[in-house]
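Please read it alongside the sequence and the coordinates.

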Amino acid sequence: MGDFNSSSMEDDDMAAPLFERQLRKNYVQRAVDITILLLMISLLSYRLVSIRSHGGDGWEVKTWQVAMGCEAWFTFVWVLVVSTKWNLLRYLTFPQRLLQRKRELPALDMFVTTADPELEPPIIMVNTVLSLMAVDYPGTAHKLAVYVSDDACSPLTFFALSEAAKFAQLWVPFCRKHNIQVRAPFRYFSPTAERPPSASGGSKSPEFQQEWKHIKNEYESLNWKIEDARKKPVSSILSAGEFAAFANMDRGNHPPIVKIIWENKETEPDGLPHLIYISREKRPKHHHHYKAGAMNALIRVSGVMTNAPFMLNVDCDMYTHNPQIVLHALCLLLDPRSQNDTGYVQCPQQFYDGLKDDPFGNQLVVLQEIIGQGIVSIQGPFYGGTGCFHRRRVIYGALPKNVDSKKKNARSMDEISLSEFGSSEQFLKLVTRALKDESGTEKDLPSSLEAALHVASSGYEYGTSWGKKIGLTYGSTTEDIFTGMKIQSKGWRSAYCSLDPPAFLGCAPTGGPASLNQMKRWSTGLLEILVSKSNPIRATLLGRLQFRQCLTYIWVLIWNIRSIPELIYALLPAYCIITNSHFLPKNFAGPRTGYNDTSIRICHIQHLHAIGALQVQLISSSMVELPADGQNQLGLCLVVWCPNRPAQGAGDL
């Protein structure tokens with residue numbers, strides 16, 4: 001009987017789902033959102049009804065019309081927000097069930113992109129690589145491969161990775177042996193960080209203390225070598241054979257470089273993952289498409305060398321903070337319920353060095369915690385450009401298995417031939433395997449170098465569909481949003497993996513100019529998508545992008561445009577002071593002369609905004625949150641609530 005019960009428990013574990021969906025109860029928030037929407041509609045209705053009877057000169061009528069136009073825009077934006085966050089959903093994953101169900105975990109290729117060793121210090125990139133090499137992947141470390149794309153073709157970056165591979169032989173076993181949770185050395189050994197205990201509480205044992213000091217000294221030595229290399233000519237540090245590939249190199253004009261820094265030759269399950277350096281070819285007359293082009297080169301090179309069915313890409317300054325993130329993500333990708341329609345798993349972008357109170361909004365709290373959880377319940381989150389796990393076959397342009405490509409609404413772009421992948425015969429054979437969900441290659445890493453150099457050349461993409469139907473999409477500086485939308489327009493869904501502790505932590509801009517420059521680049525890229533032929537409206541009408549998902553994409557893409565009506569509406573009170581006019585609804589019962597004082601109206605607006613902010617604080621204490629612009633809109637809508645009575649001075653308010 002005991003054996004029977006044990007067998008039944010094992011069967012239950014095998015049948016148990018790898019993740020659960022948790023729908024958050026937000027009835028109070030819905031009521032508040034609908035109330036705000038109704039108030040905004042009532043304000044617009046009043047303006048429409050009274051626009052003909054609105055007295056005053058021509059400029060006063062135009063002021064009224066401008067205010068009505070701004071309020072109509074605010075109402076439209078609020079509709080998009082309410083639609084997105086109507087249902088808040090989160091995933092709960094079970095990595096232990098995955099380990100019990102899967103005797104052998106699938107292979108995973110991990111990509112790190114860097115473009116400038118001056119703006120992106122090599123020691124930060126090295127820590128990201130070390131944290132990836134040390135992730136928890138029991139018994140299958142030989143199935144992991146870390147690819148580093150260096151768009152600057154910097155010998156310093158290559159030197160730093162070579163030294164990091166030596167240190168990884170100490171660091172990775174140390175993390176696994178003592179179950180270290182923070183696996184980026186610069187964070188683990190920082191003066192402000194607590195020393196994590198080992199699995200057996202060994203932080204107090206002499207053996208652990210001695211080993212900890214040894215690893216710390218080795219990391220300090222690694223840090224010193226990299227910093228010293230920045231000050232000296234790299235040719236004096238690298239050996240002749242290693243440096244030969246970088247001799248007389250121009251970062252904008254050089255042949256492709258692919259170097260195997262570390263190879264798990266014996267395929268040891270508990271060894272180190274492969275570590276491969278890539279610098280794609282660049283020529284002055286060829287457009288290289290920035291990060292999207294670098295990512296596509298990584299996808300092709302990894303497809304030739306390891307051809308893992310899943311891929312993870314991170315920025316060089318975003319290290320792995322949760323060592324079990326790969327297992328959590330695979331729970332969302334390998335569960336039978338999502339295996340056929342989940343194209344990628346996105347993790348939230350969180351930062352470890354943000355300024356107090358986040359004055360520049362780098363943490364994107366509203367987008368990730370409110371809008372992010374809301375969009376999960378529709379068709380899934382956007383592709384954020386970092387911290388994202390992809391299916392290789394999805395990046396290759398495949399359709400979900402539950403979608404019939406012969407349906408009437410299927411577009412010709414859904415049918416992709418092998419000729420669109422390029423001219424490398426070895427790569428095309430492996431593409432065929434990847435599209436069939438088969439992983440692995442027929443050759444070892446050194447034997448694949450020639451084909452890897454071929455697919456990393458600058459002219460390889462000519463005459464192919466790379467950047468159009470295959471790989472990351474070109475045509476926008478926000479290639480991540482563009483690519484995610486194209487994937488979802490084919491019928492794929494995406495999942496959101498938000499963990500505690502966070503999956504990844506990155507470095508946020510620390511100053512105003514850096515933040516503004518980043519936001520300018522985002523604004524430009526989002527506007528490029530909005531006006532392109534592949535905008536979300538076309539993706540909904542001609543593709544398989546869901547309607548509410550389309551509304552959410554529109555909310556993101558008009559992010560920069562929203563500032564225009566907000567600025568105009570903010571300038572209206574000052575304009576009314578100068579022209580002695582008004583733009584708020586007038587009092588019907590009181591004398592017109594008393595209520596026309598624009599300065600009193602400004603006090604009234606401030607009073608209403610304070611009431612709106614108070615309402616938001618009360619709502620937040622009830623576990624209901626509003627986007628930042630919800631405060632302004634709630635205060636604006638209280639105009640309809642508050643009694644319009646004659647006022648002779650600011651004190652009457």
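## Helix pair and annotated sites

Helix 5 (residues 122-133) and helix 6 (residues 155-178) have axes that come within 9 Å and cross at roughly 40 degrees. Axes here are lines fitted to C-alpha atoms, for helices over the stretch in contact, with angles running from 0 to 180 degrees between N-to-C directions. The model is predicted: local features need pLDDT of at least 70, side-chain atom pairs count only at pLDDT 80 or more, and totals for chains, interfaces and linings use all residues. Residues are numbered from 1 along each chain as its sequence is written, and side-chain values use heavy atoms, with hydrogens and water left out. Helices (H or I, at least four residues) and strands (E, at least two) are DSSP runs, numbered from the N terminus.

The crossing of helix 5 and helix 6 is right-handed; that is, the near helix is turned clockwise from the far one by less than a right angle. Helix 5 contributes P122, M125, V126, V129, L130 and M133 to the contact. Helix 6 contributes L156, T157, A160, L161, A164, F167, A168, W171, V172 and R176. Contact means heavy atoms within 4.5 Å. By class, the contact has 14 nonpolar, 1 polar and 1 charged residues. Ala, Val, Leu, Ile, Met, Phe, Trp, Tyr, Cys and Pro count as nonpolar, Asp, Glu, Lys and Arg as charged, and the others, Gly among them, as polar.

Next come the annotated positions. UniProt places the feature "binding site" (unreviewed entry) at E120 and D151. These two are spread over 32 residues of sequence, yet cluster in space, with a largest C-alpha distance of 11.7 Å. The record also lists K291 and D315 for "binding site" (unreviewed entry). That pair spans 25 residues of sequence and clusters too, the largest C-alpha distance being 10.1 Å. UniProt positions follow the numbering used here, feature names are shortened, and annotations may be inferred rather than shown by experiment.

The table gives relative accessible area. Buried means under 20%, exposed over 50%, and partly exposed in between (1.4 Å probe, protein chains only).

| Residue | Relative accessible area | Class |
|---|---|---|
| E120 | 28% | partly exposed |
| D151 | 9% | buried |
| K291 | 22% | partly exposed |
| D315 | 22% | partly exposed |
| S448 | 0% | buried |

The contacts below leave aside neighbours within four places in sequence. E120 lies in the loop between strand 3 (108-114) and helix 5. E120 is in contact with T114, A115 and C316. A polar contact of 2.7 Å joins the side chains of E120 and T114. Such a contact is a pair of N or O atoms within 3.5 Å; within protein, one must be able to donate a hydrogen and the other to accept it, and residues adjacent in sequence count only if both atoms are side-chain atoms.

D151 sits in the loop between strand 4 (144-150) and helix 6. D151 meets T114, A115, R251, R280, K282, Y290 and A294.

K291 lies in helix 10 (residues 290-305). Its contacts are T113, N313, D315, G385 and E479. D315 is found in strand 7 (residues 310-315). D315 touches V112, T113, T128, K291, G385 and T386.

S448 is in the loop between helix 14 (425-435) and helix 15 (449-455). S448 touches V304, M305, Q426 and K443.
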